[in-house]
Amino acid sequence: MGDFTVWKKKKSKPAGEVLSVPRTDRRTLSNVPDPEQIRVTLDRRGTKSEAAASAERDADYLNRIRMLSLRYMADFDVFLAPNGAKRRARVQGRAVDISSTGLLVALNAKTDQIRVGDRIWIRFRIPPGTMPEGFESAVRMRATVVRAFSREEDGREQAMLAFEFDKPLTAYFQRKRWGYSVYMASGMLFVAFAFVMLMRAESVIYFKYNMWLYLYSLTAAAFLLTRYLFGAFYRDVPVNPDYTPGVSIIIPCFNEEAWIHRTILSCMNQDYPIDKLEVIVVDDRSTDGSAERIRQVVEMVHQEAERFATRDRLKMHVLEQNGGKRVALVKGVEMAKHDLVVFVDSDSFLEPTAIRHLVQPFQDPRMGGVAGRTDVENKYTNSITKLQTVRYYIAFRIMKAAESWFDSVTCLSGPLSCYRKDLILKHADAWLEQKFLGQPATFGDDRSMTNFILKTHRTAYQDSAICSTIVPSKMSVFLKQQMRWKRSWLRESLRAGTFIWRKEPFMALFFYIGLIVPIAAPIIVLYNLGYVPLAYGVFPGTFLTGLLMMALLMSLAHLLFRKSRLWVFGFVFCLFYEFVLLWQMPVAWVTFWKSTWGTRETPQDIEAKNRKAARRRKVKESKPGLPL
């Protein structure tokens with residue numbers, strides 16, 4: 001993926017973001033189809049040349065093969081038992097890189113016990129963050145030595161062994177852990193679902209004692225359970241190999257020097273016809289080294305083989321002055337030459353098949369916009385990123401998938417979304433000039449544009465169009481982001497409420513319920529956890545049990561789909577939301593017109609900062625002796 005910066009986790013304290021690091025391929029654009037059919041053999045990623053693969057072009061099959069062959073940089077202990085001693089290893093080394101099918105090991109000392117062709121027992125534990133989510137586990141299986149060589153490292157000769165596993169790690173984990181995870185999650189999901197239904201039956205019995213409380217309880221439970229139900233019904237639009245419309249990817253950038261390199265490469269390195277894909281990077285007058293970094297990447301990609309036409313397909317534009325994300329996006333759309341435009345955040349990274357999958361719903365002429373799935377890239381950095389990992393997955397795979405069942409996704413998220421170009425241009429002026437209670441709408445651009453599109457067209461979600469993004473790993477940044485999202489959600493939900501009733505009736509009903517439930521939630525929590533225990537001396541066991549069941553649904557759904565050990569953080573997120581994030585909602589009620597980001601130096605942020613400084617100076621002048 002290039003020479004982007006990566007920080008390793010230390011035992012005492014993480015020095016930065018913890019990411020899985022794919023091994024750099026010998027070609028910068030290894031997934032781009034070869035128009036001149038020069039590639040004639042199986043490449044390092046396991047996919048055949050365009051000529052060889054055209055007769056068997058199955059996108060899902062090719063993606064599975066690519067994932068099996070994709071290698072990740074590694075650094076963990078490996079134990080080898082050359083004489084068949086399954087439990088006691090006699091040779092030790094360090095993993096250099098790993099894939100689902102094999103492992104490269106640097107031996108601690110030379111040995112003549114292992115030769116090419118030997119089939120031996122191999123034992124290791126994959127640390128979290130080394131491979132994709134779900135692979136973090138212990139492994140003990142047979143492997144065959146397929147290569148032995150030496151290389152110089154730090155002035156000394158290092159013995160290296162390459163192994164091929166008897167079975168891919170995907171098959172190994174399916175039998176050892178993943179299969180059990182699916183059975184356990186499925187069974188416990190059924191139990192949790194049934195338990196919630198029984199609790200709601202109890203609410204019906206006690207309805208006459210407190211109508212509003214139990215009405216809320218029934219409504220909230222019905223809303224959440226139907227989200228999971230329709231999320232389970234969801235299916236992707238399958239790939240039509242003959243449908244490859246022209247696509248222009250727009251990347252707005254502001255102070256993303258650390259990640260923009262990887263973002264650009266992931267957008268260019270797409271398994272998509274080269275004459276139908278272009279990438280436009282718009283720098284919003286970054287104050288760090290982002291612009292120079294973009295120029296370096298553009299120049300590097302332009303040096304690729306002429307047959308990939310990279311000079312015509314990758315462009316950079318720097319705005320004359322900082323105008324905000326919406327201005328950068330509109331400028332990119334104006335420069336775009338294709339009929340579909342894809343918005344990608346500057347800290348988000350696309351899978352090589354993302355665009356091919358993302359465009360498929362546009363075979364429906366009534367489709368106006370499509371959102372892809374966003375995973376957390378830095379999931380293993382700390383507990384804050386881990387709880388976001390579960391939340392992101394449920395928000396996309398369950399919540400957006402349920403909305404997509406009715407062709408009415410209410411937020412085409414910023415990390416990866418696709419629109420018809422003519423619709424963006426039609427609403428560009430209103431989008432750029434949008435104000436709420438006299439204040440410019442500087443954030444929530446994805447929800448805002450979705451509202452413009454949803455009013456007249458369908459919107460959908462495509463789970464197989466995958467990108468990953470960098471999420472906040474510091475609590476202060478995370479809380480500011482969540483406050484910003486709540487304000488934009490409240491503002492745009494009020495807008496959507498004026499027309500959503502024209503959509504499918506069931507979707508409209510649950511949209512309005514989904515608006516009321518979060519707004520009323522702080523009052524309900526205060527009543528159950530505060531007023532009832534103090535006024536009646538009753539322990540809120542029923543309420544806490546209901547909360548536990550909802551947390552269980554989130555965690556088990558993540559375990560079912562992802563087979564990951566991070567599923568327990570669904571419980572953590574629910575508790576964190578109930579006792580921390582929920583109380584941002586009352587603040588959002590009375591401040592949702594604010595236009596400052598809090599995490600970005602927009603003109604509005606600078607103006608707010610200047611106002612605060614002016615107030616401090618005024619107080620200082622009126623009360624000498626106080627510090628500024």
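User: Taking helices (H or I, at least four residues) and strands (E, at least two) as DSSP runs numbered from the N terminus, how many helices and strands does the protein chain have?

Analyst: Bear in mind that this is a predicted model: local features need pLDDT of at least 70 and side-chain atom pairs count only at pLDDT 80 or more, while totals for chains, interfaces and linings use all residues. Residues are numbered from 1 along each chain as its sequence is written, and side-chain values use heavy atoms, with hydrogens and water left out. The tally for the protein chain is 18 helices and 17 strands.

User: What percentage of the residues in the protein chain is buried?

Analyst: Buried means under 20% relative accessible area, exposed means over 50%, and partly exposed is in between (1.4 Å probe, protein chains only). Out of 628 residues in the protein chain, the buried ones make up 54%.

User: And what percentage of the contacts with a separation of 6 or more joins residues 24 or more positions apart?

Analyst: A contact here is heavy atoms within 4.5 Å. Among the protein chain's contacts with a separation of 6 or more, the part from residues 24 or more positions apart is 75%.

User: Which strands stand at the edges of the sheet?

Analyst: Two strands count as paired if DSSP finds at least two bridges between them. The sheet is open, has 8 strands with mixed pairing, and runs in the order E10-E9-E8-E11-E14-E13-E17-E12. Each edge strand has a single partner, so one side of it is left without a neighbour in the sheet; these are strand E10 (314–318) and strand E12 (348–350).

User: What does the twist average from one strand to the next?

Analyst: We're still on the open sheet of 8 strands. Going from one strand to the next, the average twist is 30°.

User: Which residue in E9 stands opposite Pro 252?

Analyst: Strand E8 (residues 247–253) and strand E9 (residues 277–283) are parallel partners, paired over 7 bridges. Opposite Pro 252, you'll find Val 282.

User: Which strands does helix H6 touch as it packs on the sheet?

Analyst: For angles, axes are lines fitted to C-alpha atoms (for helices over the stretch in contact), and values run from 0 to 180 degrees between N-to-C directions. Helix H6 (residues 290–302) makes about 160° with the direction of E10.

User: At what angle to E8 does helix H8 run?

Analyst: Helix H8 (residues 325–335) lies across E8, E9, E10 and strand E11 (340–344). Relative to E8, H8 runs at about 150°.

User: Why is E11 described as largely enclosed, and how many of its residues are buried?

Analyst: Leu 340, Val 342 and Val 344 point one way from E11, Val 341 and Phe 343 point the other way, and all are buried. On its two sides, E11 runs parallel to E8 with 4 bridges and antiparallel to strand E14 (residues 416–420) with 5 bridges. E11 is largely enclosed by the rest of the structure because the buried count is 5 of the 5 residues.

User: Is Gln 462 buried or exposed?

Analyst: Gln 462 sits in strand E17 (residues 458–469). Leaving out residues up to four places away in sequence, Gln 462 touches a set of residues including Tyr 234, Asp 236, His 357 and Arg 373. Its relative accessibility is 0%, so Gln 462 counts as buried.

User: How far apart are the C-alpha atoms of Leu 319 and Lys 331?

Analyst: Leu 319 is in the loop between E10 and H8, and it is buried, with a relative accessible area of 7%. Leu 319 and Lys 331 are 12 residues apart along the chain, and their C-alpha atoms are separated by 8.5 Å.

User: How is helix H4 set relative to helix H10: roughly parallel or roughly perpendicular?

Analyst: Helix H4 (residues 211–233) packs on helix H10 (residues 383–404) at about 85°, with the axes 7 Å apart. Angles under 35 degrees count as roughly parallel, over 145 as roughly antiparallel, 65 to 115 as roughly perpendicular and the rest as oblique. That makes the setting of H4 to H10 roughly perpendicular.

User: In E7, which residue is the bridge partner of Phe 149?

Analyst: Strand E7 (residues 156–165) is mostly covered, with 7 of its 10 residues buried. Strand E6 (residues 138–153) runs antiparallel to E7, joined by 10 bridges. Within E7, the partner of Phe 149 is Met 160.
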